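Please open the structure in a viewer and keep the selection panel at hand.

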Amino acid sequence: MGSWLDYLRQSLAGKLTLAFLALSSLSALCGGLALVYIFGLEARLAWPLGLAILALCLASTIFFFLVSRISHTLVEMTQFAQDTNLQRLDKRVNVQSGDELEHLANSLNRMVYRLDTSMKRIQQLAFVDSITELPNRERFRLETEEAFKSNSAHDLVGAVICFDIDKFIRVQETLGQIAGEGLLGQVAERLTAAVLASDRMVRLQTSLTRPALLARTGISEFSVLLPDIREPTQAGRFAQLVAAALRQHFELGVHRIVLGACAGIAIFPQDGESGTEILRSADLALSHARTDGPNRCVFFTRNMNQRALEKLVLESDIRAGIEQGQFITFFQPKVDLDSGRIHGCEALVRWNHPTHGLISPYKFIEAAEETGLIMPLGDYIMRDAAKKAAGWLRRGIAVRVAVNVSAMQFSEDTFTAKVLHILAETGLPASLFELEITESIAMSNPERVIRLLEPLRQKGVRIAIDDFGTGYSNLAALTRMPFDIFKIDQSFVTALGKDGNAPTMIETIIAMAGGLNYETVAEGVETHEQAAFLKTRGATLGQGFLFGAPMASDAFEAHARTWAVRMDESFLQLASHEHHSSN
Ligand code: C2E
Ligand code: CA
Ligand code: CA
């Protein structure tokens, strides 16, 4: 009885029915009282009044059931709304009343269906890589975080392996974005199969249960989470198996492409404090693997963190150094091997550090390139070198100044305009300016190199290929490019008299340059024997400690002025060596 009363009081149907009963009883009572007042209470009126009250009770009961159905539907819809609120988007409300309530329920169903689809799409965009349809970096990070927590709690070991696909960027630059995406798709398929096979093998051997997870975690980077391993060597073996699968060639239209992969491995929980740190450690190991050379696999060590920290300090120091003008340009003479005259010089940067003194570019150029600081630094050196050479020219010394250009400086479309602007600003004739670029820059995107360099060559700027002979260039392609000079790498010159092949290498480069009408500059000339050999074989210029070490601008100017006097003596010796070497 009590629960009925509660229901009447708490449900919408109950309240409406009570209100209906109260209202109709009140009107029946008022009607009855009016009748009694007008006609007096007569027995013949008691019957119709009783019947009317009975009819009213019946009507209230029917009304109650009708309203209670409506209210039940409303309760269902309320529950549905609460489910939606709790992200249970697979539920639907089922109303078949044929009235507005059914329309309302259908609209709600459609709305939640759309919400469900949008949520799934958002999940897809947030956690799935759109090209390969593999989990993306964020999802991989979250999974690693979970695995890290669970392994730390249960004293288990896991690993994260990051793979970088060698040469992928180059393929994309050469064949275009669409071909690059096609290749990525194939790489992802190959990796999925390889990871599955390697995972099955490792788990069969060790009866571990949690499966590996593969994700795309960077432009050319894929990562594998191995939540369960017995020992770190297992992760190493896993990485080797997967990398071996990637070394088999890919077909891309008419092209047959051979890629490779480097791998960085971090073991958890030992290599970090969280899943995110483990991923960072694996990335750090990967960057070491990349610098070690193609197809390398490197495990993270604590020492890498130290080196990364040093790099960070170096980076902020370089930034401050640029602002405070601590970088200075040194110049090293290049001497005409025939006449013995100073024909040009190479601008080489030095860092005059407030506490460490003069620092060699080998110690900071790489960090400057990685952090993008090579851009302001490179611009400064180029402008300073041109300014100094224009000053020497005004004081009667006409030497061509060569500046080293790094890959990043070359990646700017404004490069050509910038060089022309510097020449105009400093007043240095283009014929006294030279750019040294490495084989790898030249070959990374030959069309771009031609597009950026040809207008400069038209104006008279010379282009030299630095460290020639040390890269893996496609000679046919290289010789079609707009260059003027091969700089014979100093390793060949140093090897003269030590390595039987060195003379042949040098002779071949000189012959090739002759055929192309290029000049040659032999680097690292330290002895008269080396200079004599180069002169007799027809190298155009020599650069090295024999003719002068890199020096500050003033010193270079003085060196160039007095060189003619010292030259005679130097070349007398050279001539005697020449005599011996040609015998
Ligand atoms: P590089 O362009 O091959 O420069 C030649 C290097 O050989 C210079 O080292 C030079 O001092 C050194 N060298 C010259 N003659 C001799 C010799 O007779 N014997 C020996 N053993 N070495 C000799 P440096 O100045 O330490 O520069 C090292 C590298 O740093 C350069 O190699 C170049 O790749 C880079 N670099 C230097 N300055 C710049 C710059 O302004 N911009 C860029 N992007 N890179 C630079
Ligand atoms: Ca150089
Ligand atoms: Ca060089």
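Begin with helices H12 and H14, whose crossing is right-handed. The model is a predicted one. Select residues 374–394 for H12 and residues 415–426 for H14; the two axes come within 9 Å and cross at roughly 30°.

Next, display the side chains at this contact. On H12, select Asp 379, Met 382, Arg 383, Ala 386, Lys 387, Ala 390 and Arg 394; these meet Phe 415, Lys 418, Val 419, His 421, Ile 422, Glu 425 and Thr 426 of H14. Colouring the contact by class gives six nonpolar, six charged and two polar residues.

Now move to ligand 1 and select the 22 residues around it. Gln 332, Arg 350, Gln 490, Glu 526 and Phe 545 are the ones that come nearest. Classed by type, this shell holds nine nonpolar, seven polar and six charged residues.

Which elements each supply at least two residues of the shell? Select strand E9 (342–353), helix H11 (361–371) and strand E13 (462–468). The largest share, four residues, comes from E9.

Finally, inspect individual atom pairs at the ligand:

- Glu 526: an N or O atom of the side chain is 2.5 Å from a nitrogen atom of ligand 1.
- Gln 490: a polar side-chain atom lies 2.8 Å from an oxygen atom of ligand 1.
- Phe 545: here a backbone N or O atom lies 2.8 Å from an oxygen atom of ligand 1.

To conclude, show the surface of ligand 1: taken alone the ligand exposes 790 Å², and the protein buries 85% of that.

Terms used
Residues are numbered from 1 along each chain as its sequence is written. Chains are lettered from A and ligands numbered from 1 in the order in which they are written. This is a predicted model: local features need pLDDT of at least 70, side-chain atom pairs count only at pLDDT 80 or more; totals for chains, interfaces and linings use all residues. Side-chain values use heavy atoms; hydrogens and water are left out. A residue is near a molecule or strand if one of its heavy atoms lies within 4 Å of it. A polar contact is a pair of N or O atoms within 3.5 Å; within protein, one must be able to donate a hydrogen and the other to accept it, and residues adjacent in sequence count only if both atoms are side-chain atoms. Accessible areas come from the Shrake-Rupley method with a 1.4 Å probe; for residues, only the protein chains shown count as cover. Ala, Val, Leu, Ile, Met, Phe, Trp, Tyr, Cys and Pro count as nonpolar, Asp, Glu, Lys and Arg as charged, and the others, Gly among them, as polar. Axes are lines fitted to C-alpha atoms, for helices over the stretch in contact, and angles run from 0 to 180 degrees between N-to-C directions. A crossing is left-handed if the near helix is turned anticlockwise from the far one by less than a right angle, and right-handed if clockwise. Contact means heavy atoms within 4.5 Å.
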